[in-house]
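Thanks for coming, everyone. Let me put the chain up on the screen, and then we will walk through it piece by piece.

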Amino acid sequence: MTVTTVELESRPARVPDGTAAADLLATDLHALRVIAERATSSDVNRALHARRRNLADFAVLLSDAAADRLEDIAAAAQATTIRRFGRTVRLFAPLYLSNECVSTCTYCGFSAGNDIVRRTLSIDEVVVEARALRARGFRHVLLVAGEHARIVSKDYLVECVRALAPEIPSISVEVQVWDTDTYRRLVDAGCEGLVVYQETYDQETYSAVHLKGKKRNYDWRLAALDRGAEAGMRRLGLGALLGLHPDWRLDALAVAAHARFLMRRWWRCEVSASLPRLRPAAGGFEPHDPISDRAFVQLLCALRLFLPDLGLSLSTRESPELRDALLRLGVTQMSAGSHTEPGGYAEASEAEPQFQISDTRSPEEVAASLQAAGYDPVWMDTIGPRRSRL
Ligand code: SF4
């Protein structure tokens with residue numbers, strides 16, 4: 001397969017042709033949603049036993065009819081996960097660089113209008129934080145920051161990656177979206193992963209929750225993972241925040257479709273997805289109860305069955321009990337011992353966290369819990385060639 005070159009350095013109004021983003025926009029998600037609505041028990045039976053599953057099968061597995069077969073779906077998801085990934089879970093930690101932000105997003109504690117304690121780590125402080133994480137075992141760190149192009153500039157991010165690269169073998173970034181050249185600079189400095197959540201794939205909801213700032217540009221964000229892959233990022237992470245759009249199935253369908261298109265177009269990359277459920281945040285944001293625990297389990301199992309090679313990441317937003325249960329069903333990556341404020345690993349920090357976490361166990365406790373369940377915590381792994389092309 002020839003990978004199409006993405007020529008996107010300015011910010012055109014639409015996504016470029018030949019990208020996973022364009023593939024997604026050409027997909028009729030509402031038709032898939034109707035399939036989920038109308039699925040019968042015989043549709044579920046067929047989807048469950050299919051050798052290869054398509055998006056329509058995934059829609060069927062999200063249905064109410066499939067909820068009645070959750071035990072069968074979970075057993076199939078568990079067997080698939082063990083076959084593809086073994087009994088291993090990759091552990092990583094978010095390292096918050098800055099909570100400065102000029103954007104206004106209704107659901108986020110860092111939102112520009114929130115009167116919170118702001119802090120941006122110096123390069124030296126970033127290194128101290130990373131060393132504290134390294135001392136706890138982590139070899140994979142996700143650098144996270146709010147959107148402030150002057151304070152959290154391209155140069156600052158490149159410097160952070162360059163300073164950490166000799167000590168941290170696997171560095172990913174989850175920061176404001178950039179152009180291909182900037183991603184190339186980050187890759188050259190030692191960054192191998194890019195995480196960009198679309199937050200919600202529903203364009204109307206997206207406009208309603210992103211009130212000010214560059215993040216309002218839906219298409220520019222949607223094509224960011226294509227730009228990162230074009231620049232040489234080897235790990236791509238995508239996701240949606242469950243609880244922004246009232247219909248969780250629509251965002252789940254979009255994440256699944258986007259993941260599949262990324263895996264097809266950028267088949268040398270390792271693609272992973274995450275579907276965090278929203279938590280309370282500074283500014284008074286209180287999420288609706290977006291999806292029950294049981295439906296959340298069904299969603300993760302359906303994703304595993306649809307895309308057996310997809311990494312599934314679970315954050316500390318979920319409770320310890322649910323995280324322990326989900327690791328058997330398809331989860332392949334977990335954050336652990338997380339702080340969502342800049343600083344906080346090496347010593348206590350006054351800065352405001354982005355959201356409250358549910359699983360407050362230490363990395364050692366999470367690792368011990370994994371081992372007790374018969375799983376190996378993996379602190380560092382290398383990227384090999386993908387096992388199969390879709
Ligand atoms: S979601 Fe990102 S861009 Fe929006 S307020 Fe939070 S940090 Fe800023």
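**Strands, helices and a ligand**

E3 (140-145) and E4 (170-174) are paired in the parallel sense, over five bridges. Pairing here requires that DSSP finds at least two bridges between two strands. Helices (H or I, at least four residues) and strands (E, at least two) are DSSP runs, numbered from the N terminus.

A word on the source. This is a predicted model: local features need pLDDT of at least 70, side-chain atom pairs count only at pLDDT 80 or more, and totals for chains, interfaces and linings use all residues. Residues are numbered from 1 along each chain as its sequence is written.

Back to the pair. His 140 has Ser 170 in E4 as its bridge partner. From E3 the chain crosses through H8 to E4, and this β-α-β crossover is right-handed. Right-handed means that, with the strands pointing away from the viewer, the path from the first strand over the helix to the second runs clockwise.

How enclosed is E4 by the rest of the structure? Largely, because four of its five residues are buried. A residue is buried if 20 or more other C-beta atoms lie within 10 Å of its own, exposed if 12 or fewer, and partly exposed in between; C-beta atoms are placed from the backbone.

Now H8, residues 154-164. Its buried residues are Tyr 156, Leu 157, Cys 160, Val 161 and Leu 164. What do they pack against? The partners are strands E1 (88-98), E3 and E4, plus helices H7 (123-135) and H9 (180-189). Contact means C-beta atoms, placed from the backbone, within 7 Å.

Next strand along. E4 and E5 (residues 193-199) run parallel, joined by two bridges. Ser 172 has Gly 193 in E5 as its bridge partner. E4, H9 and E5 form a right-handed β-α-β unit.

In H9, the buried residues are Thr 180, Thr 182, Tyr 183 and Leu 186. Their arc around the axis is only 160°, which puts them on the same side of H9. They pack against H8, E4, E5 and helix H12 (224-231). Just after H9, Gly 190 takes a positive phi of about 125°.

On to E7, residues 235-240. Six of its six residues are buried. Arg 235, Gly 237 and Gly 239 point one way, while Leu 236, Leu 238 and Ala 240 point the other. E5 and E7 pair in the parallel sense over six bridges. Across that pairing, Val 196 stands opposite Leu 238. E7 also runs parallel to E8 (residues 270-274), with five bridges. The chain crosses from E7 through H13 to E8, again in a right-handed β-α-β crossover.

Tyr 107 sits in the loop between E2 (104-105) and H7. With 21 such neighbours, Tyr 107 counts as buried.

Last, the ligand. Around it are Cys 101, Ser 103, Cys 105, Cys 108, Phe 110, Ser 111, Gly 146, Glu 147 and Lys 215.

Definitions and conventions. Two residues are in contact if their C-beta atoms, placed from the backbone, lie within 7 Å. A residue is near a molecule or strand if its C-beta atom, placed from the backbone, lies within 6 Å of it. The arc is that of the directions from the helix axis to the C-beta atoms.
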